[in-house]
Amino acid sequence: MKTEDPDGDIVGRLAESFIERYRRGERPALGEYAERYPEAAGRIRELFPALILLEELAPDDADPAGEFRHGRTAGAPEQLGDYRILREIGRGGMGVVYEAEQQSLGRHVALKVLPGHALLDPRQLERFRREARAAARLHHTNIVPVFGDGQQDGLHYYVMQFIHGLGLDDVIAELKRLRSAAPGESAATPPV
């Protein structure tokens, strides 16, 4: 069954459906999607395996400390290679993400750094490298591109496009708040 996508981005919608099914424990076949949407078969075969790899690399515990910090934290590097660290913007099971300035090009980037303690386990380092390679293979308007990777003083990192805006966790929290607003209650202003 084919459906027309007025936005022309049927692959993005199919990818969302595919990942939702995958997260529910189903293991949908790529061929199923490629046969149903032959006009997008090439993009499906290119994108979906990388999505599966990223899904398998997702951390089991989003943030063991249960924290999301903003600003510079103790022990944060000031510089990694060509990148001057500006602030921490997030952390999770596979690393800390910083806003940084690529000095040679004068652009803001996001720098994901594998924490030093993770280097004690060679599997963590390999998993981090696989994550960077998988993310670098993805080319889609809704996926942040990877520019490169590196290491300095034992810290491994990869570099992504920096996008201003809310984090996904903030968007989800706001959606939950709006959905749970009592009837007649104004959901237009966020809680203080």
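Val 171, Leu 175 and Leu 178 make a nonpolar surface patch of about 210 Å². A patch here is built from residues with over 30% relative accessible area and no salt bridge, where like charges are joined within 9 Å and nonpolar side chains (Val, Leu, Ile, Met, Phe, Trp, Tyr) within 5 Å. Accessible areas come from the Shrake-Rupley method with a 1.4 Å probe, and for residues only the protein chains shown count as cover. Leu 175 sits in helix H5, residues 168–180. Its relative accessibility is 39%, so Leu 175 counts as partly exposed. The scale is simple: buried means under 20% relative accessible area, exposed means over 50%, and partly exposed is in between (1.4 Å probe, protein chains only).

Before going on, a word on the model: it is predicted, so local features need pLDDT of at least 70 and side-chain atom pairs count only at pLDDT 80 or more, while totals for chains, interfaces and linings use all residues. Residues are numbered from 1 along each chain as its sequence is written, and side-chain values use heavy atoms, with hydrogens and water left out.

**The chain as a whole**

The protein chain has five helices and six strands, and reading along the sequence gives the pattern α-α-α-β-β-β-β-α-β-β-α. Helices (H or I, at least four residues) and strands (E, at least two) are DSSP runs, numbered from the N terminus. There are 192 residues in the protein chain, and 35% of them count as buried. Its accessible surface comes to about 12,000 Å², with 53% of that belonging to carbon and sulfur atoms. As for contacts (heavy atoms within 4.5 Å), take those in the protein chain with a separation of 6 or more: residues 24 or more positions apart account for 47% of them.

**The sheet**

The six strands form an open sheet with antiparallel pairing, in the order S1-S2-S3-S4-S6-S5. Strand S1 (79–80) and strand S5 (146–152) are the edges; each has a single partner strand, so one side of each is left without a neighbour in the sheet. Two strands pair if DSSP finds at least two bridges between them.

S1 and S2 form a hairpin with two residues between them, and Gly 81 in the turn has a positive phi of about 60°. Next along, S2 pairs with strand S3 (residues 95–102) over eight bridges, with Glu 88 facing Tyr 98 in S3. That pair is a hairpin too, with two residues between S2 and S3.

Gly 148 stands opposite Val 159 in S6. Helix H4 (residues 122–137) packs on the sheet and touches strand S4 (107–113), S5 and S6. The direction of H4 makes about 15° with that of S6; axes are lines fitted to C-alpha atoms, for helices over the stretch in contact, and angles run from 0 to 180 degrees between N-to-C directions.

What does Gln 102 touch, not counting residues up to four places away in sequence? The list is Asp 82, Tyr 83, Arg 107 and Val 109. Gln 102 itself is in strand S3 and, at 9% relative accessibility, counts as buried.

**Salt bridges**

Side chains of opposite charge can pair when their charged atoms come close. The cut-off used here is a side-chain nitrogen of Lys or Arg within 4 Å of a carboxyl oxygen of Asp or Glu. A search of the whole structure finds nine salt bridges, including these:

| Salt bridge | N to O distance |
|---|---|
| Glu 101 and Arg 84 | 2.6 Å |
| Arg 87 and Glu 99 | 2.7 Å |
| Arg 133 and Glu 126 | 3.1 Å |

Glu 101 lies in strand S3 and Arg 84 in strand S2, so this pair ties together parts that are 17 residues apart in sequence. Arg 84 is partly exposed at 35% relative accessibility. Arg 87 lies in strand S2 and Glu 99 in strand S3, so they tie together parts twelve residues apart in sequence. Buried or partly exposed: which is Glu 99? Glu 99 is buried, with a relative accessible area of 8%, while Arg 87 is partly exposed at 30%.

Arg 133 is partly exposed at 46%, and Glu 126 is partly exposed at 32%. Elsewhere, salt bridges that share partners join Arg 21, Arg 24, Glu 26, Glu 32 and Arg 36 into one network.
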